[in-house]
Amino acid sequence: MGFNFHNQEMQAKDQPAPPPSSLIKHAKNIAIGGVAGTIALSIIYPMESLKTIIQLRSEAGGNLSISNIFKERCKAEGFTSLYKGIPAALLRQFFFASIRLGLYFSYSDYLKEKQKKNTLSVTQSTLGSLAAAAIGISSVMPFDVIFVRFQAENALPPEQKRGYTGLGNAITRIVKEEGAKTLWRGILPAIGRAMALNFGMLVPYDKCKVMLAPWFGGQTKQNYLASAAIAGFGASVCCLPFDNAKVKLQKMKAGPDGKLPYSGLMDCFAKSIKKEGFLRLWSGFLPFFLTIAPHSMLALLISDALRIFLGISKSQAQITYFICLLYTSPSPLDATLSR
């Protein structure tokens with residue numbers, strides 16, 4: 001008895017091809033994450049620059065007032081100096097957000113469809129947000145290192161500035177002068193920061209909307225804004241120590257003896273606490289919070305709007321909310337969102 005290859009071939013042709021909709025949906029989620037994160041960063045980038053300057057100056061002490069540093073930078077090099085390094089930052093953010101948000105959206109959609117539920121458990125949301133963040137930041141570490149170094153130029157005296165002329169020049173010089181592994185320097189605090197940020201941004205957001213409903217109503221402008229702000233605050237508290245350590249590790253230079261100031265994440269934490277004090281792990285908290293909270297809110301709302309526009313989400317409430325976000329008085333929007 002033999003095989004009838006002709007019949008098998010005909011049967012295979014008769015079977016419908018697997019629908020590409022799932023792949024298209026995943027691709028849309030990846031693109032949405034990148035676009036939303038990039039738009040949010042481009043809006044809050046000057047605050048991000050001020051935050052990094054404060055973090056770098058905390059090692060030397062002195063006046064860390066955000067208003068004084070802002071005036072100083074504008075007087076010395078102009079307001080546009082706060083946008084130094086933005087090409088590397090936007091490139092990094094696009095790929096990073098594509099993975100950390102896009103993968104989470106696809107993960108969330110898959111579980112919701114499989115379980116036939118509209119929400120995920122806290123455990124499921126936590127695991128998804130942490131895994132997506134770790135994969136995302138590991139993929140873009142070279143851009144992250146270059147981004148920090150460009151911003152560090154604003155806080156360094158002229159004789160210590162590296163003088164990178166662009167993204168390509170920075171990559172070439174780092175590899176030539178310090179070795180390719182330097183492009184992944186600070187990866188442990190970077191992963192810790194990314195995981196804390198993703199967890200604080202994605203997990204509490206939906207939970208806060210439910211918890212705040214008795215005070216602000218269900219799906220109202222006030223509820224969405226308050227939930228995003230709380231999520232931003234939690235993310236700031238969790239990930240700022242990692243962010244401070246990451247910045248110090250990525251911008252450090254070898255001393256006259258050829259040794260680097262820090263040997264790793266735990267050494268950086270220990271020396272920072274000993275030299276600056278425990279609370280200085282949260283140096284730059286105000287600008288960091290003013291960066292993270294708006295960034296989180298914008299990224300979440302833009303993602304929701306794009307997912308609806310591209311047909312991934314069926315609810316029309318959030319896109320109506322996003323379009324009418326600037327209205328502060330009671331309006332038909334609140335009635336729409338409550339339906």
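Is Cys74 buried, partly exposed or exposed? Cys74 is partly exposed, at a relative accessible area of 25%; buried means under 20%, exposed over 50% and partly exposed in between, with a 1.4 Å probe and protein chains only.

The model is predicted, so local features need pLDDT of at least 70 and side-chain atom pairs count only at pLDDT 80 or more, while totals for chains, interfaces and linings use all residues. Residues are numbered from 1 along each chain as its sequence is written, and side-chain values use heavy atoms, without hydrogens and water.

The protein has 15 helices and zero strands, taken as DSSP runs (H or I, at least four residues, for helices; E, at least two, for strands) numbered from the N terminus. Of its 339 residues, 48% are buried.

| Helix | Residues | Contact residues |
|---|---|---|
| α7 | 141–152 | Met141, Asp144, Val145, Val148, Arg149, Ala152 |
| α11 | 221–251 | Lys246, Val247, Gln250, Lys251 |

Contact means heavy atoms within 4.5 Å. The axes, lines fitted to C-alpha atoms over the stretch in contact, lie 9 Å apart at an angle of about 85°, with angles running from 0 to 180 degrees between N-to-C directions. The two helices α7 and α11 are therefore roughly perpendicular, the term for 65 to 115 degrees.

The disulfide count is zero, a disulfide being a pair of cysteine sulfur atoms within 2.5 Å. The closest cysteine sulfur to that of Cys238 is in Cys239, 7.4 Å away and too far for a bond. Cys238 is partly exposed, with a relative accessible area of 39%.

How values were computed:
Angles under 35 degrees count as roughly parallel, over 145 as roughly antiparallel, 65 to 115 as roughly perpendicular and the rest as oblique.
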